[in-house]
Amino acid sequence: MRMVSGGYYGLLSEEDCGRIHDATAEILSGTGVRVRSKRALSVFREGGCEVEGDIVKISRDFLEECLQKAPAKVVFCSRDREHDLVVKDRRVFFGNVGGCIATYDLETGGKRETRKQDIANLAKIVDCLSEIDYYHIACVPNDVDPTMADRHSWKAAFENTPKHVMGGVNGEEGAKDLIKMASEIVGGEEELRKRPIFSNISCVQSPLTILKNNADALMLFAEYGIPNMSSVMSFMGSSAPMTLEGTIVSTNAETLSQVVLTQLVNQGAPVFYGCVSTAMDMRYATPITGGPEMGLINAACGEMARHYELPYYGTGGLTDSKQVDFQSGVERTLTALLPALEGANLIHTMGGALDSFLIISYEQLVLDNELVRYIKRVLKGLDIGWDNFALALINEVGPGGNFLPKKHTRDHKMEALMPELFERRAWSKWNEGKKDLVEKAREKAEQILDTHHPKPLPVGASKKLNKIIKEAKR
């Protein structure tokens, strides 16, 4: 796998990061965070934090001590070992959008609620797409029992891609069942501890509240050494201050509170600093996921993650547009490129999103694979070396010459990025059987679903997963 790294966009200085940390420490030690889980309250209290009712206060010294324990490097293990991702430094990886509740039907084009089959279909497409590095459970299955939706979702995902899978669960019981399911796939709990093939998203409720279900699941996964994404989705003007800087500080405080909890449960357990925060359009009381604010907040929080030497779960590639159009292209490029240039380790919404997080489009997912290919080429940068200057060739060709027939040109013909779907032919060739980009993307998605066969689960594993789901329902 080609590794690409960011680090080209230094939005914050070290002095800026220090000021944000000072403000964060003041919030956590003074105001504190509300924790809805009795077990988590006990963990905070026994670990050395001040607990008053359901409010936890974390001193600056204790916060910094816990941050030192969290690992800077995390391996996202894949079922087949071929798609393992070593997450460290400013390496950048891309995943599709997750948690959508609607899609545009691939056959009719009409908007409808998402189903369990969509999770399987989209996992299969991500499995085939070369630039999407892991699978984020793409949508909510509205055609199954809501209390079992997480179990059905994970099963559909595991069955249709060996890539690392990311998603959430329904509290501690959902976490227990997911551990059982993954253990059946990898060959037991001990193997799962060694090579976790999934990671958990644990959201903080802004402002400053850790919910019971999220905390209980996070703690169980931390015990097993399974990566947790400490995710914060603050909206400027509603659940965070109406300034970029205030939102960055509150996001920082909220995500670090879960980092502390993770380390109190299991010192050295993998945990990601997470940010999904953005602004609000106060005219309509809606979040702005495609504006520059999303990119700026996520780039800044990436700098804070780097300041703490934590791996970073960032956001990009979103749009407020309801369809695949010019607005969608501009917004998803801007919001993805800023955190990518910063060096966000995971850009977890880079694939298929329309209408913020609400709609996932099969066609957009395929097109975003092309966009990610462009972004990765930008991150690859230049290799400034004497051999690459090709001085001998330049001197040989000389003034007025032609490089086209030279062996050097043939040997390096793939140096320029070659998109799969974007149009570069002459107008006359394109006009012979012209198709718009969305049509080509739809055909590509249909082709993948018809012909691609992901690596299957071990023999008998699917039946065992079904049994776990049936037992959980009882």
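**A buried glutamate and other local features**

Modeller: This is a predicted model. Glu-363 has a relative accessible area of 6% and is therefore buried, the cut-off being under 20%.

Colleague: Where is Glu-363 found?

Modeller: Glu-363 belongs to helix 12, which covers residues 362-380.

Colleague: Which side chain makes a polar contact with the side chain of Glu-363?

Modeller: That of Arg-442, at 3.0 Å.

Colleague: And what is Glu-363 in contact with, leaving aside its neighbours within four places in sequence?

Modeller: Leu-106, Val-438, Ala-441 and Arg-442 are in contact with Glu-363 on that basis.

Colleague: Let us change topic. In what order do the four strands of the open sheet come?

Modeller: The order is 2-3-1-12, and the pairing is mixed. Strand 2 (50-52) and strand 12 (209-210) are the edge strands, each pairing on one side only.

Colleague: In which sense do strand 2 and strand 3 pair?

Modeller: Strand 2 pairs with strand 3 (residues 55-57) in the antiparallel sense, over three bridges. Val-51 stands opposite Val-56, a residue of strand 3.

Colleague: Which strands does helix 1 lie across?

Modeller: Helix 1, residues 14-31, lies across strand 1 (33-35) and strand 3. Its direction is at about 130° to strand 3.

Colleague: Now the backbone. Is the peptide bond from Ser-206 to Pro-207 cis or trans?

Modeller: The bond from Ser-206 to Pro-207 is cis, with omega near 0°.

Colleague: What is phi of Asp-89, and what is phi of Ala-390?

Modeller: Phi is near 50° for Asp-89 and near 55° for Ala-390. Asp-89 is in the loop between strand 5 (85-87) and strand 6 (93-94), while Ala-390 is in the loop between helix 13 (386-389) and helix 14 (391-397).

Colleague: Is Asp-89 buried or exposed? And Ala-390, buried or exposed?

Modeller: Asp-89 has 54% relative accessibility, so it counts as exposed, the cut-off being over 50%. Ala-390 has 16%, so it counts as buried, being under 20%.

How values were computed: Residues numbered from 1 in each chain as written. Predicted model: local features only at pLDDT ≥ 70, side-chain atom pairs only at ≥ 80, totals over all residues. Heavy atoms only, no water. Helix = DSSP H or I, 4+ residues; strand = E, 2+ residues; numbered from the N terminus. Buried < 20%, exposed > 50% of the residue type's maximum accessible area, 1.4 Å probe, protein only. Polar contact = N/O pair within 3.5 Å; in protein donor to acceptor, adjacent residues only side chain to side chain. Contact = heavy atoms within 4.5 Å. Pairing = 2+ DSSP bridges. Axes fitted to C-alpha atoms, helices over the stretch in contact; angles between N-to-C directions.
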